[in-house]
Amino acid sequence: MTVSFFFQTLISGVSNGMVSYLMIAGVSLIISGMNMVNFGQGAFYVLGTYLTYTIAAKIGFFPSLILVPVLVALLGYFIEKATRPLFGKDMLYIMLLTYGVAYMLCDIIVMFWGYSIRLLSLPSFLNGGVKIFGINFPVYYIFEIVISGLIAAAFWYMINKTKLGMLTRAIISDRPMVANLGVNVNGLFSILFMIGIGIAGLGGVLNAPMTGMSPKEGLSVFGNVMPILCIGGLRNMDGCLPAALLVGLVNAFGAVYLPQYYNILPAALMVICMFINPRGIFTKKEGR
Amino acid sequence: MILELKDVHGYYDKSHILNGVDLAVEQGTSVCLLGRNGVGKSTTMKTIMGMLNPKEHCKTEGSIRFEGKELTGMASHAIVRLGIAYVPQGRHIFPTLTTEENLRVAARVGVDGSSKWNLESVYEFFPRLKERRDSKGDKLSGGEKQMLAVARGLMQNPKMMLLDEITEGLAPIIVDQLAVMVQNLLEEGVTILIAEQNVKFAMKVSSDCYILERGKTVHHQATSQLTAETRKKYLGL
């Protein structure tokens, strides 16, 4: 492996990891804050991709980066409202319900866009490569890393420095007490769900020029990022980023060195990590 | 009367826990709910705060009025926004938030637009909390947690505070400090309803007391006139 190939693989792994992070950060936020496993996340991600095909063709790629996540989040608002009667009941019910929602969303995508797999053509300056230290990198990978990195930083800031983030952390440990501070817990849930879904939608936008997706992948794509969630820790929002990068790199280098085992690598890593610490290898082991 | 309960009944699942609670609190005073363990003091507090939510198989009957407004059927957060701060039994400090975050998360402008209580004034009132501002909630001592729970209530700039068993599990010296604190709060114009097991503490900080027995108000008297006989009869002391 030449040095330049190594770095190209590295960047490809990091950019894939960062885009997966966008999907998993929302899942993690929704699990932590709302105690709800949202199997629909993948479908919202794919919806983001398909909306981008249509919207970017009309108003361009950059406006879609903002408009599509907002549209996806708005849809999330209504879906969250619809799932509310199941809140506070067995977590399994809501898990299955979100799975049903994901199924419906995928079929709705088929209704509007059909089965054909598309690929968005990029604005010209995001095409092609850029030379850094004499090594050629695809510009779009760098772009994905920058955008996702900004979102990751904003997400960290929100959780750790804002009142919304404090409320999110508070609600994890004591939901009734949050209501007793005069906070409308249902309203807070709506906001958290919309943020979580919106970031997934942004991931979908970034994905649109990269891989052609079939509508039905809304169901499987969540399975693909599941290892990230388990490695980072189901309820550890800070674990998402390192876990996403780890899995991205394992995928990228696995494809080069162990192509015959490529498909099982992330899952195997997940199983090993869950034996090491089921709450996530980036979670402190002693009580919280 | 700022707060008035008339014939309040409360049900949790199939058990009938409150059986006719009557009480009235006058603006600017401190009133105490006394009674043996399990007579419904905490449930009365929770009922006022709208926590016996019908969705969770609970039910409230009777009338609870705050400044003339009926509270039964209202959501907890809406009741808080009328200007009632609740300091629950067991303190319920958020363990993963720092002291300062526990305060900031509760900050709210009062119904009258006042923000007299803010980080600065609360730290002045509780200097110890300022020293512990960066410690996580679960690293605080019992006394510190209790101060923080009260301080968190103050951050809401309430008209009235409900203090549920704030002396529970605390050393006598801390209990004395809390008594001074409650007296200071009264001087600041906050109306207070206290549920207590500690009668000595209650007598120090409240002007009026109501005694509950099996979820029903059975006695009402000025705290200063609470005779040894009455205490023995209802409280076993």
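Leaving aside its neighbours within four places in sequence, which residues is Ala202(B) in contact with? They are Cys32(B), Leu34(B), Ile194(B), Glu196(B), Cys209(B) and Thr223(B). Keep in mind as you read that this is a predicted model.

Ala202(B) sits in helix 8 of chain B, which covers residues 199–205. Is Ala202(B) buried or exposed? Because 23 C-beta neighbours fall inside 10 Å, Ala202(B) counts as buried; the cut-off for that label is 20 or more. Arg81(B), on the other hand, is 121 residues away in sequence and 27 Å away in space, going from C-alpha to C-alpha.

**The six-stranded sheet of chain B**

Chain B has an open sheet of six strands in the order 6-7-8-3-9-10, and its pairing is mixed. Strand 6 (84–87) and strand 10 (216–222) are at the edges with a single partner strand each, so one side of each has no neighbour in the sheet. On average, neighbouring strands here are turned by 15° against each other, if you ignore direction. At one end of that order, strand 9 (residues 208–213) and strand 10 of chain B pair in the antiparallel sense over six bridges. Asp208(B), for instance, has Ala222(B) in strand 10 as its bridge partner.

Two helices of chain B pack on this sheet. Helix 1 touches strand 3 (30–34), strand 6, strand 7 (160–164), strand 8 (191–195) and strand 9 of chain B, and its direction makes about 150° with that of strand 7. Helix 9 (residues 228–235) touches strand 3, strand 9 and strand 10 of chain B, and its direction makes about 165° with that of strand 10.

**The four-stranded sheet of chain B**

There is also an open sheet of four strands in chain B, with the order 2-1-4-5 and antiparallel pairing. Its edges are strand 2 (15–25) and strand 5, each with a single partner strand, so one side of each is left without a neighbour in the sheet. Helix 1 of chain B turns up again here: this helix, residues 41–48, lies across strand 1, strand 2 and strand 4 of chain B, running at about 75° to strand 2.

Strand 1 (residues 3–12) and strand 4 (residues 58–66) of chain B pair in the antiparallel sense over eight bridges. Strand 4 is also joined to strand 5 (residues 69–70) of chain B, by two bridges, and these two run antiparallel. Strands 4 and 5 of chain B form a hairpin with two residues between them, and Glu67(B) in the turn has a positive phi of about 50°. Some of the partners facing each other in this sheet are set out below.

| Residue | Opposite residue | Strand of the opposite residue |
|---|---|---|
| Phe66(B) | Lys69(B) | strand 5 of chain B |

**The domains of chain B**

Ten residues from domain 1 and nine residues from domain 2 of chain B make up the contact. On the domain 1 side, seven of the touching residues are nonpolar, two polar and one charged.

Chain A has eleven helices and two strands. Its radius of gyration is 19 Å, close to the 19 Å that the globule rule gives for 288 residues, so chain A is as compact as a globular protein of that length. Its C-alpha atoms fill a box of roughly 60 × 45 × 35 Å along the principal axes, and 44% of its 288 residues count as buried.

Where do the two chains meet? 16 residues of chain A are in contact with 19 residues of chain B. The elements of chain A that give two or more residues to its side are helix 6 and helix 7, with helix 6 supplying the largest share, six residues. By class, the chain A side has eight nonpolar, four polar and four charged residues.

Helix 6 of chain A (residues 163–173) has buried residues including Met166(A), Leu167(A) and Ile171(A). The buried residues of helix 6 pack against helix 1, helix 5, helix 7 and helix 8 of chain A, together with helix 3 (99–104) of chain B.

Definitions and conventions. Residues are numbered from 1 along each chain as its sequence is written. Chains are lettered from A and ligands numbered from 1 in the order in which they are written. This is a predicted model: local features need pLDDT of at least 70, side-chain atom pairs count only at pLDDT 80 or more; totals for chains, interfaces and linings use all residues. A residue is buried if 20 or more other C-beta atoms lie within 10 Å of its own, exposed if 12 or fewer, and partly exposed in between; C-beta atoms are placed from the backbone. Two residues are in contact if their C-beta atoms, placed from the backbone, lie within 7 Å. The radius of gyration is taken over C-alpha atoms; the globule rule is 2.2 Å times the number of residues to the power 0.38. Two strands pair if DSSP finds at least two bridges between them. Ala, Val, Leu, Ile, Met, Phe, Trp, Tyr, Cys and Pro count as nonpolar, Asp, Glu, Lys and Arg as charged, and the others, Gly among them, as polar. Axes are lines fitted to C-alpha atoms, for helices over the stretch in contact, and angles run from 0 to 180 degrees between N-to-C directions.
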